[in-house]
Amino acid sequence: MVKNLLEMKDVKVAYGDHTVLENFTMSIDQGEFVGIIGPNGTGKSTLIKVITKILEAKEGYVFLNGRNNSTLTRRERAKLVSVVPQEFTVDFDFNAYDIVMMGRNPHQYGKEKNLARDHDIVNEAMVMTNTWQFKDRLFNELSGGERQRIIIARAIAQQADLILLDEPTSHLDVHHQLEVLELVKRLNRERNTTIVAVLHDINMAARFSDRLILLSNKNVLADGPPDYVVDEKYLGKVYAMEMVVRNNNLLSTREVIPIRVIKDRLDNTNIQVHVISGGGSGEQILERLKSLGVHLSCGVINQGDSDWEMCKMMNISMAEGPPFSDITEEGYKKNIELIRQADYVLVTDLPFGTGNVKNLEVLLEANSPIYMIRREGRFDYTEGKATELLHQIQEEKIFHWIDGYDEFIDLACKGDAL
Ligand SMILES: Nc1ncnc2c1ncn2[C@@H]1O[C@H](COP(=O)(O)OP(=O)(O)OP(=O)(O)O)[C@@H](O)[C@H]1O
């Protein structure tokens with residue numbers, strides 16, 4: 001039967017008047033690998049301090065293995081929980097072996113005391129963490145990454161049911177990050193050790209955890225399998241960034257690609273803009289408009305074009321067509337559908353020729369104002385029809401020349417034209 005190893009109920013934690021966690025409820029079962037994620041300052045380290053009773057909860061309960069945390073002795077707690085803290089400093093000249101041996105402290109009392117066994121366990125933990133070669137070196141003279149692995153060895157040697165790791169990979173290069181997380185995963189799989197790891201790298205957290213808990217605003221914002229939590233609707237909001245979430249087929253995980261920080265999101269984010277682009281002409285502005293919170297559509301774009309790639313990455317709906325081909329009837333129809341839904345139409349700085357003249361023709365179907373980048377007499381359309389069309393569009397539609405994208409954003413998106 002699955003055992004409930006950690007239970008927190010309605011917990012409140014504060015530093016003086018500054019409440020960090022409130023009505024915080026979370027439970028972790030034996031054998032789970034849980035990743036705790038969330039922006040800086042959301043209380044991840046504080047959570048670990050409460051579980052280890054470095055900090056006392058002001059309200060609520062913390063149960064470890066069914067026992068109230070506040071009634072456990074330090075030794076009892078240390079047999080249940082070991083910690084890999086963010087920073088670990090020692091004032092004395094301990095060598096690495098001594099540090100790992102410290103993990104055996106809770107077991108070195110009374111009848112339980114067995115030094116030979118302690119040495120075996122320490123040796124094994126150092127071999128597992130690939131730190132045996134440092135055993136005689138002074139801990140304080142090791143590199144950040146080497147020290148981190150020693151601290152993980154210490155946690156392993158402690159043989160607790162639950163290992164709490166606070167940013168265990170922060171000092172590590174990418175090779176050692178993977179090595180440490182693979183090691184922790186092995187402990188979890190082979191020994192059924194329960195793992196709760198605070199991780200800043202969302203992709204690493206999604207890759208190694210069975211479950212993610214996303215903290216925000218003093219509480220849990222999302223809790224579930226990585227596929228559920230790694231979602232723009234949660235992450236975009238708490239990290240205030242534009243991102244793409246896609247499947248990583250190689251690793252069979254959801255993956256986040258951070259695009260940019262959202263600083264100047266518009267007040268009104270219900271604006272729908274249809275962008276006529278292609279050949280990379282939309283790259284700059286698509287990303288920028290998305291970061292403002294504008295809803296976008298795009299068309300007609302050839303598959304494989306860099307604008308097409310960008311739309312795919314950013315989940316922008318588009319009218320598309322086969323690579324290196326003229327606009328198809330199907331693509332044109334879809335473009336009409338999208339342009340009619342838009343509040344504004346933006347035509348980027350792209351040349352029109354026989355292959356894409358339909359991207360100009362479609363403007364006659366727009367119900368909303370059209371903004372077109374001024375081309376200063378550079379109307380080098382290969383078809384006379386294009387110039388005629390442009391005149392017709394200017395006569396029949398609400399049409400504005402613009403000299404740059406800032407002008408479009410000011411006039412249309414920020415509503416200065418209203
Ligand atoms: N000793 C302390 N005294 C006062 N305030 C503190 C103390 N430690 C943390 N805080 C505050 O509590 C909040 C939560 O801090 P905590 O370190 O738990 O966040 P975190 O999610 O682990 O952040 P990070 O991702 O930056 O490590 C922050 O606003 C922080 O400034």
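I'll start with the two helices. The axes of helix α4, residues 115–128, and helix α5, residues 144–157, come within 9 Å and cross at roughly 140°. This is a predicted model, so read these values with that in mind. For orientation, two packed helices are described by the angle between their axes and the distance between the axes. Angles over 145 degrees count as roughly antiparallel, 65 to 115 as roughly perpendicular, and the rest as oblique once those under 35 are set aside as roughly parallel. α4 and α5 are therefore oblique to each other. Their crossing is right-handed.

Now the ligand. There are 13 residues around the ligand, and G41, G43, K44, S45 and T46 come nearest. By class, the shell divides into nine polar residues, three nonpolar and one charged.

For K44, an N or O atom of the side chain is 2.7 Å from an oxygen atom of the ligand. For N40, the corresponding distance from a side-chain N or O atom to a ligand oxygen is 3.0 Å. For Q86, a side-chain N or O atom sits 3.5 Å from an oxygen of the ligand.

How much of the ligand's accessible area does the protein cover? On its own the ligand has 630 Å² of accessible area, and the protein covers 62% of that.

Which elements give two or more residues to the shell around the ligand? They are β2, residues 18–29, and α1, residues 44–51. α1 gives the most, with three residues.

Technical notes:
Residues are numbered from 1 along each chain as its sequence is written. This is a predicted model: local features need pLDDT of at least 70, side-chain atom pairs count only at pLDDT 80 or more; totals for chains, interfaces and linings use all residues. Side-chain values use heavy atoms; hydrogens and water are left out. A residue is near a molecule or strand if one of its heavy atoms lies within 4 Å of it. A polar contact is a pair of N or O atoms within 3.5 Å; within protein, one must be able to donate a hydrogen and the other to accept it, and residues adjacent in sequence count only if both atoms are side-chain atoms. Accessible areas come from the Shrake-Rupley method with a 1.4 Å probe; for residues, only the protein chains shown count as cover. Helices (H or I, at least four residues) and strands (E, at least two) are DSSP runs, numbered from the N terminus. Ala, Val, Leu, Ile, Met, Phe, Trp, Tyr, Cys and Pro count as nonpolar, Asp, Glu, Lys and Arg as charged, and the others, Gly among them, as polar. Axes are lines fitted to C-alpha atoms, for helices over the stretch in contact, and angles run from 0 to 180 degrees between N-to-C directions. A crossing is left-handed if the near helix is turned anticlockwise from the far one by less than a right angle, and right-handed if clockwise.
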